[in-house]
Amino acid sequence: MRNETINRKDLTNNYSALSMSEIKNTIRKARYDGRTKKRKWEDRRADQGAGLDMKQARTEPFERVKRRKFAVLMAYSGVNFYGMQRNPQMPTIEESFFNALLKADFITQDGYNQVQTVQFQRAARTDKGVSAARQIISMKLPEAFEIEKVNEHLPETIRVFGSRRVTKGFNSKVQCDARTYMYMLPTVAFAPFDEEVSQETYTLSDDRYEKIKALLGKFVGTKNFHNYTSKKRYNDPSASRYIMSFTCDPPIKINGVEFVVVKVKGQSFMLHQIRKMVGITLAVIRGHTTEETFDKSFLKEKVNVPRAPGLGLVLEYVHYDRYNARYGSDHDKLLWEEENETVEAFKKKYIYPTIVDTEIKDKAMIDWLTCLMIHRYDIPDETEANDDESVESGDEVEVQKKDEDNISDNDGNKISENK
């Protein structure tokens with residue numbers, strides 16, 4: 001390489017005498033040296049670039065908080081709330097929970113405004129007035145997370161009972177194997193529609209109790225529930241759902257009124273599905289319709305299935321059997337056995353009394369039964385046709401597309417849409 005510097009004019013005159021590498025090296029601009037060369041754009045600033053090289057002073061020391069993924073167990077009475085999911089201008093369970101986390105310094109303002117930044121997810125979305133005994137949420141929280149500090153900022157009808165460290169990729173909704181719901185109602189709802197009975201004096205006979213259990217048992221298995229939700233077609237694969245069990249506990253007397261609790265465990269549930277399952281069961285047992293209508297509701301033909309009130313619906317348990325089997329040796333299992341006693345105490349103090357007292361005072365079920373008498377099973381419900389599948393109408397779990405395309409039975413076998 002030649003040592004002398006060649007300017008552009010010389011380069012033009014002597015172009016043929018230079019190699020390509022020599023040309024590139026010759027016209028290459030000198031690198032910017034920030035230590036010696038003044039930045040020209042500073043001269044154009046009104047402040048002559050003052051303060052550009054100075055770091056902003058912190059008003060308080062910065063502390064980086066180490067966060068880990070947690071599964072959190074919580075319970076709530078949903079009577080005075082507009083569901084679990086956040087809804088602008090409405091009191092919801094999540095809004096109260098996020099407020100408590102912010103006040104306890106377990107999330108930042110950014111985390112409060114955008115919960116996606118802390119990977120928040122709920123196992124089940126409950127509707128207005130629906131309660132939960134064991135709701136599970138997952139999110140990233142500080143390692144020093146303390147449930148007592150959160151509960152200090154929560155109303156007494158919402159409580160956090162436990163937390164467990166989980167795997168980094170854990171999602172409380174996607175990795176849930178099954179959900180168990182209970183529905184509490186007065187036994188007078190099962191009385192024959194043509195008999196004059198009162199809520200306070202009616203008792204369920206053994207024969208009628210056995211008939212209820214037999215009819216609930218017909219839900220068990222994989223069936224097409226397109227008539228048990230809104231905006232679902234028969235040929236939609238996600239309409240097929242696997243019900244593992246549907247039972248009825250023996251009647252109990254509370255405050256002079258006899259109640260029963262029915263429990264359903266399923267892999268997943270659609271919008272309104274459980275309330276409609278209860279609704280058609282009541283219609284058949286009371287004699288408003290026949291078991292033929294019940295059987296027809298799982299076929300292609302459109303059947304307008306009645307929907308029971310939401311007051312008695314409670315999320316009872318969220319199951320993580322596969323997660324526990326795979327990660328239980330390295331992480332805490334999500335069984336919540338240590339919290340069972342406090343959860344049951346919360347149910348007896350806040351959930352059961354709310355359902356019972358509201359039912360006895362307002363007679364929500366009795367009022368609904370008068371509408372059931374004139375219900376038409378062959379005419380679509382206009383209110384459901386206009387349903388918005390949002391927080392305001394999402395009383396059961398909204399299954400993600402991933403789950404809808406891969407619904408399987410209890411043995412892991414994939415379910416076809418015609419099964």
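Me: Why is K263 called partly exposed?
Reply: Its relative accessibility is 29%. Buried means under 20% relative accessible area, exposed means over 50%, and partly exposed is in between (1.4 Å probe, protein chains only). The value for K263 falls in between, so partly exposed is the label. This is a predicted model: local features need pLDDT of at least 70, side-chain atom pairs count only at pLDDT 80 or more, and totals for chains, interfaces and linings use all residues. Residues are numbered from 1 along each chain as its sequence is written, and side-chain values use heavy atoms, with hydrogens and water left out.

Me: What makes D249 and K263 a salt bridge?
Reply: The N to O distance is 3.7 Å. The rule asks for a side-chain nitrogen of Lys or Arg within 4 Å of a carboxyl oxygen of Asp or Glu. The pair meets that rule, so the label holds. D249 lies in the loop between β7 (240-248) and β8 (252-254), and K263 in strand β9 (residues 257-266), so the bridge ties together parts 14 residues apart in sequence. Helices (H or I, at least four residues) and strands (E, at least two) are DSSP runs, numbered from the N terminus.

Me: What label does D249 get for its accessibility?
Reply: Partly exposed, because its value is 27%.

Me: How do you know that R164 and E339 are paired?
Reply: Their side chains meet at 3.0 Å, N to O. R164 sits in strand β4 (residues 158-165) and E339 in the loop between α9 (321-327) and α10 (340-362), so the pair joins parts 175 residues apart in sequence. Both R164 and E339 are buried.

Me: Which parts of the chain does the pair E291 and K218 link?
Reply: The salt bridge itself is 3.1 Å, N to O. E291 is in helix α8 (residues 291-296), and K218 in the loop between α6 (206-217) and β6 (221-224), 73 residues apart. E291 is partly exposed at 35%. K218 is partly exposed too, at 30%.

Me: How many salt bridges does the structure hold?
Reply: The count is 17. R134, E316, E344 and K347 are linked in a network of them.

Me: Why is C248 called buried?
Reply: Its relative accessibility is 6%, so it passes the under 20% test. C371 is partly exposed, because its value is 47%. As for disulfides (cysteine sulfur atoms within 2.5 Å), the structure holds zero.

Me: Why is I374 called exposed?
Reply: It reaches 68%, and the rule asks for over 50%, so the label is exposed. I374 lies in the loop between α11 (364-372) and α12 (382-385). With F193 and M373, I374 makes a nonpolar surface patch of about 320 Å². Patch residues have over 30% relative accessible area and no salt bridge; like charges are joined within 9 Å, nonpolar side chains (Val, Leu, Ile, Met, Phe, Trp, Tyr) within 5 Å.

Me: Which residues have the most contacts inside the largest nonpolar core?
Reply: F97, L101 and F219, in a core of 102 residues. Helix α7 (residues 273-286) gives the largest share, eight residues. A nonpolar core is a set of buried Ala, Val, Leu, Ile, Met, Phe, Trp, Tyr and Cys residues joined through side-chain atoms within 4.5 Å.

Me: What is F219 in contact with?
Reply: Contact means heavy atoms within 4.5 Å. Leaving aside neighbours within four places in sequence, the partners of F219 include F225, Y228, M277 and F298.

Key. Areas by Shrake-Rupley, 256 points an atom, 1.4 Å probe, with all protein chains shown as cover.
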